[in-house]
Amino acid sequence: MFRRGESIQVKSPDQLAVMRRAGLVVALTLQAVTAAVRPGVTTRELDSIARDCIKSNNATPSFLGYHGFPAVICTSVNEEVVHGIPGERVLADGDLVSIDCGAIVDGWHGDAAVSVPVGEVTAAVLALSAATEAAMWAGLEQVRAGNRLSDIGNAVEIAINAAGDYGVVEDYTGHGIGTSMHMHPPIPNHGKPGKGPLLKVGMAFAIEPMATLGSPTVGVLADGWTVVALDGGSAAHWEHTVAITESGPWVLTALDEIHL
Ligand code: MG
Ligand code: MG
């Protein structure tokens, strides 16, 4: 998993300040899209809100055209885990939709995702989403100079397992981020602590646990993008981009100034 020789990009404080600007655009966009989520809205309408928000903030979408991806956000509903393509689908009461967004400012990326209930959602699905979000925060807490990379995934896995009998998706991971959206290293959402590269000030990562109500086994739909839980159980996905500063983790994609 941790190949030698591939280095992790280290950013200067000035570069992290630009990444914070990109992260804030992502935060504002997710806020605007979340506010529009309701039964009856199409995922394409949500994509259009994101497109307008990113443009009006003088930023560029990270996802549009990425390996041919045709939209600004990913919208993944219910058993869809990640990478769902916005389109004609009408959100219905009881759905859980993961909205994933990336934006670029002056060449630097931010990447974050939220899972949003549509109308009245079952207690089990709400608990899954809450557990996944809590696991993301547990992972973010570990993004500190002096820790090892695998401390992040270990904390994520422990947090999800402590919350309930959930599936932890292992086929997709968090990632390094900076001058590209997806950079070295991959960051699994599980594993033993104390392994992998030493974390240093100036590194930045996207931490993004994905969990399911049933089996975490996933597959990709015929559209070539949409990742689904094969047993049809609901999935949740939460993500923040975080940087390592001298004083600890700085959550670059939070609406508020969050230093852990
Ligand atoms: Mg993302
Ligand atoms: Mg990501």
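How many bridges join strand β9 to β14, and in which sense do the two strands run? Four bridges join strand β9 (residues 204-207) to β14, and the two run antiparallel. This is a predicted model, in which local features need pLDDT of at least 70, side-chain atom pairs count only at pLDDT 80 or more, and totals for chains, interfaces and linings use all residues. Residues are numbered from 1 along each chain as its sequence is written, chains are lettered from A and ligands numbered from 1 in the order in which they are written, and side-chain values use heavy atoms, with hydrogens and water left out.

**Record annotation**

- An unreviewed UniProt entry lists residues 18-246 as "domain: Peptidase M24". UniProt positions are given in the numbering used here, feature names are shortened, and annotations may be inferred rather than shown by experiment.
- Residues 18-246 are 29% helix and 27% strand, and the end C-alpha atoms of the span lie 17 Å apart. Helices (H or I, at least four residues) and strands (E, at least two) are DSSP runs, numbered from the N terminus.

**Sheet around β14**

- Six strands form an open sheet with antiparallel pairing, in the order β8-β7-β9-β14-β15-β16. The edge strands, β8 and β16 (258-259), each pair on one side only. Two strands pair if DSSP finds at least two bridges between them.
- Bridge partners in β15 include Pro 249 for Ile 244 and Val 251 for Val 242.
- Six of the six residues of β14 are buried. Buried means under 20% relative accessible area, exposed over 50%, and partly exposed in between (1.4 Å probe, protein chains only).
- In a regular strand the side chains alternate between the two faces of the sheet. In β14 both faces are covered: His 240, Val 242 and Ile 244 are buried on one side, and Thr 241, Ala 243 and Thr 245 on the other.

**Metal site**

- The magnesium ion (ligand 1) is coordinated at 2.0 to 2.6 Å by Asp 100 (OD), Asp 100 (OD), Asp 111 (OD) and Glu 239 (OE). Donors are N, O and S atoms within 2.8 Å of the metal (3.2 Å for Na, K and Ca); water is not among the atoms, so sites may look incomplete.
- Along the chain, the donors of this ion follow the spacing D-x10-D-x127-E. Distant parts of the chain are linked here, with Asp 100 in strand β4 (residues 96-105) and Glu 239 in the loop between β13 (235-237) and β14 (240-245), 139 residues apart.
- Asp 100 is buried, at 6% relative accessible area, and Glu 239 is buried at 1%.
- Asp 111 coordinates both the magnesium ion (ligand 1) and the magnesium ion (ligand 2), which are 3.1 Å apart.

**Largest pocket**

- The largest pocket holds about 360 Å³ of space. The lining has 25 residues, and the closest to the pocket centre are His 83, Thr 173, His 175, His 182 and Glu 208.
- On a 1 Å grid over the protein atoms alone, a cavity is a set of points where a 1.4 Å probe fits but cannot get out, and a pocket is an open set with protein on both sides within 12 Å along at least five of seven lines; lining residues have an atom within 4 Å of a point. Grid points are joined across faces, edges and corners, and a volume is the space filled by probe spheres set on the points.
- β7 (174-176) and β8 (183-187) are the elements that give two or more residues to this lining. β8 supplies the largest share, four residues.

**Backbone details**

- His 184 and Pro 185 are joined by a cis peptide bond, with omega about 0°. Pro 185 lies in strand β8.
- His 83 has a positive phi, near 70°, in a residue other than glycine. This histidine is found in the loop between β3 (80-82) and β4, and His 83 is partly exposed at 24% relative accessibility.
- His 67 likewise has a positive phi, near 50°. His 67 is in the loop between β1 (60-61) and β2 (73-77) and is exposed, with a relative accessible area of 66%.
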